[in-house]
Amino acid sequence: MRSLLNILDLSVEEIDELIAVANDIIANPERYQEACKHKTLATLFFEPSTRTRLSFESAMLSLGGNVLGFSEASSSSSAKGESVSDTVAVVSGYADIIAMRHPKEGAPLVASMHSEVPIINAGDGGHYHPTQTLTDLLTIYHEKGSFENLTVGFCGDLKFGRTVHSLIGAMSRYNGVKFVLISPDELKLPTFIKEEFIEDKGIEYEQSRILEDVIGKLDILYMTRVQRERFFNEEEYLRLKNTYVLTADKMEEAKRDMIVMHPLPRVNEISTAVDSDPRAAYFRQARYGKFIRMALIMKLLGVKA
Ligand code: CP
């Protein structure tokens with residue numbers, strides 16, 4: 001039995017296989033409509049979500065399977081004090097696979113130790129979000145055609161942004177990748193991510209506080225929301241929340257084939273005027289999430305079309 005807690009649980013070859021299956025699903029959805037017949041996915045979401053939970057549910061329904069679960073901790077018995085390990089031990093008797101989001105870093109790992117079925121980390125605190133990374137990789141595959149020789153800028157909340165941490169880990173395995181880290185000092189990339197995935201691997205990178213200074217050299221600009229829910233101090237959030245706003249004017253300075261990605265939800269960090277720019281890939285990115293999650297569910301359940 002295999003869980004997905006960290007994107008590095010999957011080899012580069014396995015990611016290539018998932019992308020190939022996702023592409024076949026996009027081309028031939030009817031082939032997959034009974035792949036998970038009689039299988040059940042549980043979505044245990046202790047934190048809010050639109051894309052991740054609904055794309056997981058849509059993925060399982062499109063595979064002919066069933067879904068159950070909860071979308072907030074307050075409607076589960078965790079509100080009465082039940083532990084994650086007890087919750088998962090029980091739910092793994094009702095479902096064949098579990099996707100779990102939790103505000104505490106490491107909660108999906110604890111869950112995997114008490115589960116009889118695969119656990120998928122659907123986001124754990126400010127730590128990792130591996131299925132967003134699979135979504136991001138499928139997007140990059142479609143938009144750029146390769147993962148190699150790309151200069152990727154990450155802008156905004158690099159401290160708490162779990163999608164950034166996972167995508168840096170994934171992209172650090174491809175040749176010729178360079179990173180540009182754009183954030184205020186208070187929201188810099190955590191040292192453990194920078195050392196393990198960038199410095200120890202000898203990957204070229206630079207840091208900047210000013211988006212306009214570096215936007216012209218990027219192949220991908222990955223914008224992020226300042227993660228209000230992770231701040232201890234509301235005043236600090238309010239001071240930092242609008243540090244970066246990508247506008248149509250700033251897009252004038254970018255390469256003609258740069259793409260803008262964002263895991264969404266967006267708050268104010270990308271002007272809606274950018275949405276009509278063909279380089280704005282974030283709504284296409286959200287759609288890819290369903291197909292790569294279909295491929296992942298099939299892989300972890302060991303089923304074929
Ligand atoms: N990208 C992402 O995780 O979005 P949700 O919080 O809506 O699931």
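This is a predicted model: local features need pLDDT of at least 70, side-chain atom pairs count only at pLDDT 80 or more; totals for chains, interfaces and linings use all residues.
Colleague: How does helix 1 compare with its own expected span?

Modeller: Helix 1 has 16 residues and reaches 23 Å, close to the expected 22 Å.

Colleague: Which residues of helix 1 are buried, and what covers them?

Modeller: The buried residues are Glu 14, Ile 15, Leu 18, Ile 19, Ala 22, Asn 23 and Ile 25. Their cover includes helix 5 and helix 11. An α-helix has 3.6 residues a turn, so residues three or four places apart point the same way.

Colleague: Why is Leu 187 called buried?

Modeller: Its relative accessible area is 1%. The cut-off for buried is under 20%. Leu 187 is therefore buried.

Colleague: Where is Leu 187 found, and what does it touch?

Modeller: Leu 187 sits in the loop between strand 6 (178-182) and helix 7 (191-199). Leaving out residues up to four places away in sequence, it touches Gly 156, Asp 157, Leu 158, Lys 159, Phe 160, Val 226, Phe 231 and Leu 240. Take Asp 157: it is 30 residues from Leu 187 along the chain, yet their C-alpha atoms are separated by 5.2 Å.

Colleague: Why is His 38 called exposed?

Modeller: Exposed means over 50% relative accessible area. His 38 has 68% relative accessibility, so it counts as exposed. Its place is the loop between helix 1 and strand 1 (40-45).

Colleague: What is the phi of His 38?

Modeller: It is positive, about 70°, although His 38 is not a glycine. Most residues other than glycine have a negative phi.

Colleague: Is Asn 149 buried or exposed?

Modeller: Asn 149 is exposed, because its relative accessible area is 56% and the cut-off is over 50%. Asn 149 is not a glycine, but has a positive phi of about 55°. It lies in the loop between helix 5 and strand 5 (151-155).

Colleague: How do you know that the peptide bond from Leu 264 to Pro 265 is cis?

Modeller: Look at omega, which is near 10° for this bond. Most peptide bonds are trans. Pro 265 is in the loop between strand 9 (259-261) and helix 11.

Colleague: Which residues have the most contacts inside the largest nonpolar core?

Modeller: They are Leu 134, Phe 154, Ile 168, Met 171 and Phe 179, in a core of 60 residues. Helix 11 (residues 282-301) gives the largest share of this core, nine residues. At least three core residues come from each of domain 1 and domain 2.

Colleague: What is Met 171 in contact with, leaving aside neighbours within four places in sequence?

Modeller: Its contacts are Leu 137, Ile 140, Phe 147, Leu 150, Val 152, Val 177 and Phe 179. Another core lies apart from the largest one. That other core has 20 residues, among them Ile 215, Leu 218, Tyr 244 and Leu 246.

Colleague: How is the protein divided into domains?

Modeller: Domain 1 is 7-128 + 289-301, and domain 2 is 130-285. Their C-alpha centres lie 25 Å apart. The contact takes 30 residues from domain 1 and 28 residues from domain 2.

Colleague: What is the volume of the largest cavity?

Modeller: It is about 40 Å³. A search of the whole structure finds one cavity of 30 Å³ or more. Its lining includes Cys 155, Met 223, Arg 225, Tyr 244 and Glu 269.

Colleague: Which residues lie nearest the centre of the largest pocket?

Modeller: Arg 101, Arg 162, Arg 225, Leu 264 and Pro 265, from a lining of 22 residues. The pocket has a volume of about 400 Å³. Helix 2 (51-62) and helix 6 (162-171) each supply at least two lining residues.

Methods
Residues are numbered from 1 along each chain as its sequence is written. Side-chain values use heavy atoms; hydrogens and water are left out. A nonpolar core is a set of buried Ala, Val, Leu, Ile, Met, Phe, Trp, Tyr and Cys residues joined through side-chain atoms within 4.5 Å. Buried means under 20% relative accessible area, exposed over 50%, partly exposed in between (1.4 Å probe, protein chains only). Helices (H or I, at least four residues) and strands (E, at least two) are DSSP runs, numbered from the N terminus. Domain bounds come from an automatic or database domain assignment. Contact means heavy atoms within 4.5 Å. On a 1 Å grid over the protein atoms alone, a cavity is a set of points where a 1.4 Å probe fits but cannot get out, and a pocket is an open set with protein on both sides within 12 Å along at least five of seven lines; lining residues have an atom within 4 Å of a point. Grid points are joined across faces, edges and corners, and a volume is the space filled by probe spheres set on the points. The expected span of a helix is 1.5 Å times one less than its number of residues.
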